[in-house]
Amino acid sequence: MNPSSPTCQVLDLELESRHEQIIQIGALKYQGSHQLEQQRFKSPFALQDYALNVDYIVGHNLLAHDLRVLEKLERPFFQPQVAFIDTLY
């Protein structure tokens with residue numbers, strides 16, 4: 001594993017659709033092509049610590065769905081320099 005390889009977090013939110021309450025968050029963390037961790041969270045705030053120090057956040061319909069839900073919460077989730085990749089677009 002190359003320590004200069006970018007770190008990427010793959011993210012997926014499962015929601016109770018009517019009220020958009022988070023039921024579960026699935027997250028994988030990679031450095032280059034090497035999987036570092038796999039986690040499931042019930043609380044979005046547990047995701048905050050997990051999402052530190054990543055270069056990219058990847059998800060399907062991330063921009064229109066997952067980030068919109070997370071932005072409604074009181075605290076910012078991702079560092080300003082992180083880049084978002086949405087596999088839907």
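A residue counts as buried under 20% relative accessible area, as exposed over 50%, and as partly exposed in between. The legends below concern a predicted model.

**View 1. Glu20, Arg68 and Lys72 are joined into one salt-bridge network.** Arg68 has a relative accessible area of 32% and is therefore partly exposed. In the salt bridge between Glu20 and Arg68, the closest N and O atoms are 2.8 Å apart. This pair links distant parts of the chain, since Glu20 belongs to the loop between β1 and β2 and Arg68 to helix α2, 48 residues apart. Glu20 also forms a salt bridge with Lys72, again with the closest N and O atoms 2.8 Å apart. Here too distant parts of the chain are linked: Lys72 is in the loop between α2 and β5, 52 residues apart from Glu20. Lys72 is exposed, with a relative accessible area of 57%. A search of the whole structure finds 2 salt bridges.

View 2. Within α2, which spans residues 62-71, the buried residues are Leu62, Asp66, Leu67, Val69 and Leu70. An α-helix has 3.6 residues a turn, so residues three or four places apart point the same way. The buried residues of α2 pack against strands β1, β2 (21-31), β4 and β5 (83-86), and against helix α1.

**View 3. The largest nonpolar core contains 19 residues.** Those touching the most other members are Leu11, Leu13, Leu47, Leu70 and Phe78. At least two residues of this core are supplied by each of β1, β2, α1 and α2. Helix α2 provides the largest share, 4 residues. Leaving aside residues up to four places away in sequence, Phe78 is in contact with Leu11, Ala51, Ile57, Leu67, Leu70 and Phe84. In soluble globular proteins, nonpolar side chains tend to be buried together.

**View 4. Gln9 is a buried residue of strand β1.** The strand comprises residues 7-16. Gln9 has a relative accessible area of 0%, which means that this residue is buried. Beyond residues up to four places away in sequence, the contacts of Gln9 include Ala27, Leu28 and Lys29, and also Leu47, Tyr50 and Ala51. Further contacts of Gln9 include Val54, Tyr56, Ile57 and Val58.

**View 5. Ala51 occupies the loop between α1 and β4.** Helix α1 covers residues 44-50, and strand β4 covers residues 56-59. Ala51 counts as buried because its relative accessibility is 3%. Not counting residues up to four places away in sequence, Ala51 touches Gln9, Phe77 and Phe78. Ala51 and Cys8 are 43 residues apart in sequence, while their C-alpha atoms are 9.2 Å apart in space.

**View 6. A nonpolar patch on the surface is formed by Leu63, Phe84, Leu88 and Tyr89.** Together these residues have about 430 Å² of accessible area. Tyr89 is located in the segment after β5. With a relative accessibility of 65%, Tyr89 counts as exposed.

Note on methods:
Residues numbered from 1 in each chain as written. Predicted model: local features only at pLDDT ≥ 70, side-chain atom pairs only at ≥ 80, totals over all residues. Heavy atoms only, no water. Buried < 20%, exposed > 50% of the residue type's maximum accessible area, 1.4 Å probe, protein only. Contact = heavy atoms within 4.5 Å. Patch = residues over 30% accessible without salt bridge, like charges linked within 9 Å, V, L, I, M, F, W, Y side chains within 5 Å. Areas by Shrake-Rupley, 256 points an atom, 1.4 Å probe, with all protein chains shown as cover. Salt bridge = Lys/Arg side-chain N within 4 Å of Asp/Glu carboxyl O. Core = buried A, V, L, I, M, F, W, Y, C linked by side-chain atoms within 4.5 Å.
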